[in-house]
Amino acid sequence: MSDARMTRQKASDVPVPEGDRSDHPLRGGEPFRFGDQPVVETPGGLRVPKLGLGTYELEGDQCREMVAEALELGVRHIDTAQGYGNESGVAAGIAASGVPRDEVFVTTKVDNDNHDPGELTQSVEASLERLDTDHVDLLLIHWPVHWETINATLNTLAQVQGSGMAHHIGVSNFTIEQLDQVAHLAPLEVLQVECHPFLQQRELRSWCVDAGWVFTAYSPVARGAVMDDETLVEIAAARSTSPATVALAWLLAQDGVIAIPRTGDPEHLRANWEALSLELSSDELARIDQLDEGRRLIDPDHAPW
Ligand SMILES: NC(=O)c1ccc[n+]([C@@H]2O[C@H](COP(=O)([O-])OP(=O)(O)OC[C@H]3O[C@@H](n4cnc5c(N)ncnc54)[C@H](OP(=O)(O)O)[C@@H]3O)[C@@H](O)[C@H]2O)c1
């Protein structure tokens with residue numbers, strides 16, 4: 001265990017920040033360095049690299065290799081979760097890349113079985129062990145399950161942040177109604193939900209802009225479905241690029257949006273990375289705006305919609 005981890009305060013010893021965030025122990029000063037890579041910034045001081053790597057279903061050697069390859073390419077943002085079973089693979093990839101830990105923005109998510117306050121804190125400690133780090137940059141509640149105890153869960157999430165184990169906190173898969181109910185309970189700064197050209201999430205994006213939160217688009221290439229869309233294929237052909245690159249460039253052009261495409265293919269990784277340098281015209285953006293059809297791909301039984 002690292003010295004930093006040994007000396008961190010117990011979560012319960014740290015006051016829960018509420019309301020005015022200016023006195024929060026972690027505010028003031030940005031500890032991350034991402035070179036000249038584009039970031040989304042919040043009024044609260046959070047800076048997140050706009051294009052990250054998702055890691056769902058990347059396991060073992062493949063996870064290590066893809067994380068290392070992404071970091072070598074310039075990616076500085078890795079998204080994992082307790083439920084993906086690959087936090088150790090992410091750590092191995094960061095180590096193999098040689099990129100210093102403090103130059104990588106690492107997100108993990110609290111699993112549905114770990115919402116109880118004691119379990120939540122312990123589960124984050126276990127995540128940090130697997131990730132071989134003394135903190136994650138962002139810690140999310142993965143799904144809004146156990147709604148009857150959401151106050152205690154978010155209170156504990158804030159305490160975990162106050163202890164230094166998570167520099168920033170947020171939620172995933174919450175509806176607008178749920179966000180309105182809980183946004184004041186903890187210094188949350190990020191919403192992560194499914195978003196791509198076929199499910200554009202305009203209302204949730206606008207909620208995040210108004211609240212000063214970062215909006216993270218998961219499944220941003222619609223699990224590969226963007227490759228078959230006529231409009232995206234046409235725009236991609238005209239730009240000599242991939243429809244996936246076009247879909248990601250459209251997302252990154254939206255206010256306050258970041259994207260975390262997942263790939264196990266080095267060629268696809270490079271295509272996705274190109275999205276940062278593809279500037280779509282207003283006509284191209286408007287054509288993609290027309291593709292919204294409410295097509296949701298991630299819809300488990302415990303989803304709140
Ligand atoms: N918070 C949540 O509940 C939640 C839910 C879902 C996802 N997520 C996060 O978001 C990340 C991304 O979402 P996702 O994995 O669901 O879907 P995604 O990134 O939209 O799609 C991944 C699929 O698209 C393919 N793909 C990626 N880039 C491509 C390219 N350039 N050309 C062609 N195919 C490409 C991949 O295949 P190849 O491997 O062959 O490239 C893979 O099958 C996840 O890995 C996870 O980190 C979070």
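Welcome! Start by selecting helix H2 (residues 60–73) together with H10: their axes cross at roughly 35° and come within 11 Å of each other. Keep in mind as you look around that this model is predicted.

Now show the side chains where the pair meets. On H2, pick Met 66, Glu 69, Ala 70 and Leu 73; on H10, pick Pro 266, Leu 269, Arg 270 and Trp 273. Colour them by class, and the contact shows six nonpolar residues, two charged ones and no polar ones.

Stay with H10 and bring the ligand into view. Helix H10 (residues 266–273) contributes three residues to the shell around the ligand, the most of any element. Next, select the whole shell, where 28 residues surround the ligand. Gly 54, Tyr 56, Ala 244, Arg 262 and Thr 263 are the closest. Coloured by class, the shell splits into 13 polar, 11 nonpolar and four charged residues.

For the last stop, move to helix H3 (residues 87–97) and select Ser 97. Which residues does Ser 97 touch, leaving aside those up to four places away in sequence? They are Ala 68, Leu 71 and Glu 72. Finally, why is Ser 97 classed as partly exposed? Ser 97 has 19 other C-beta atoms within 10 Å, and it would take 20 or more to count as buried.

Definitions and conventions
Residues numbered from 1 in each chain as written. Predicted model: local features only at pLDDT ≥ 70, side-chain atom pairs only at ≥ 80, totals over all residues. Near = placed C-beta within 6 Å. Helix = DSSP H or I, 4+ residues; strand = E, 2+ residues; numbered from the N terminus. Nonpolar A, V, L, I, M, F, W, Y, C, P; charged D, E, K, R; others polar. Axes fitted to C-alpha atoms, helices over the stretch in contact; angles between N-to-C directions. Contact = placed C-beta atoms within 7 Å. Buried ≥ 20, exposed ≤ 12 C-beta atoms within 10 Å, placed from the backbone.
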